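The following explanation concerns the aromatic contacts and strand pairing of the structure shown here. Please keep the model in view while reading.

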Amino acid sequence: MPPLRTPAPVPSPTPVSRRAAVVDRVGPADTIRLTALPVPGLGPDEVLVAVEAATVNPVDGYVRSGRYDTPIPFPFILGRDLVGTVVATGSAVRSFRPGDAVWANSLGHQGRQGSFTDLAVVAEDRLYAVPAGADRETLVAVAHPAITAYLAWFVHAAVRKEWTVYVGGAAGNVGTAAIQLARRAGVRVVAGCRPANAPRCRAAGADAVVDDRAPDLAAQVSGAAPGGVQVWWDTAGGNDFRVAAAATATGGRVLVTAARVASPEMSWAPLYTRDITVQGFVLSRATSAQLAAGAQLINRMVVEGSLTTRIAGRYPLAAAAEAHRRIEDGPVDGRLLVLP
């Protein structure tokens, strides 16, 4: 008589419904509501993820309000970033299996549903493994700022070790990530921030710190980088091109990723006569290959402890509207998490 065999475990059935923070039209934060939605069937290359935490980004509000022109399928689940655990996979998925810890940072755009849900559907090529030893909250909190900094330095500016770069708004979320990624690449950093935040920027790795609201900002930057900076990036979106032109080296580059205020009028001669390039970019247009390459570096740095951030608040999924209002009411000193 053959020996008895232990039966294979019966897989848990895929949930049929999920909770989500959604909008039914573009509008203010008050349009966000918590609702139950069916769990859609997975496409061959899709993964169902049980969300542990999501992050609130300013761009989430731009999409929700209609300020960012992108296709939105209603009811629309908000959110870009998540960390969680794989529940189920499509038939063609090979990189992940149920139980894997994963993260993502490019949902909620171009028709993709977002991360403010307890069960999110993510394409395999936009999902990354959580490495052993990584703090999950840190990983999801840095996911958006750090990939923005990766694209800035390594895709659009192609920084080199001997360069010096300027980071404006350096004490903010993107600014801090920009300092940390630049320093890891061996690039010298001049950080612009309020004087009270100078210790924070130095702790992140800035080589020199200047007052980015001072009327002599260009002179301060030139004093820290006598030959001019190879890359000027105002992560806060001030974009004073007169100052940038005065402090950027010939052949340098000015990056634009935000537009907080209208730029003052200026003569463009100081830019074009010195071969200075002005280049804008957004994370939303990055390719899946670029995002995946950035994710590898982000994973390494989070495990090392060289990529850090501050958690400024944690909100239940039902309070997603409150989290959105807080982001829009003014600068938040750190990152806001939504916990399904």
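**Aromatic pairs and a central strand pairing**

Ring pairs join Trp153, Trp233 and Phe281 into a cluster. Rings of Phe, Tyr and Trp (its six-membered ring) are paired if their centres lie within 6.5 Å, with planes under 30 degrees apart counted as stacked, over 60 as edge-to-face and the rest as tilted. The model is predicted, so local features need pLDDT of at least 70 and side-chain atom pairs count only at pLDDT 80 or more, while totals for chains, interfaces and linings use all residues. Residues are numbered from 1 along each chain as its sequence is written, and side-chain values use heavy atoms, leaving out hydrogens and water.

By the ring rule there are six aromatic pairs. In the pair of Phe241 and Trp268, the ring centres are 5.6 Å apart and the planes stand at 45°, so this pair is tilted. Phe241 belongs to helix 6 (residues 241–247) and Trp268 to the loop between strand 13 (248–256) and helix 7 (269–272), so the pair ties together parts that are 27 residues apart in sequence. Helices (H or I, at least four residues) and strands (E, at least two) are DSSP runs, numbered from the N terminus. Phe241 is buried, at 11% relative accessible area, whereas Trp268 is partly exposed, at 47%. Buried means under 20%, exposed over 50% and partly exposed in between, with a 1.4 Å probe and protein chains only.

Strand 3 (residues 46–56) has eight of its eleven residues buried, so it is largely enclosed by the rest of the structure. Strand 3 pairs in the antiparallel sense with strand 5 (residues 81–89) over eight bridges; two strands pair if DSSP finds at least two bridges between them. Ala54 has Leu82 of strand 5 as its bridge partner.
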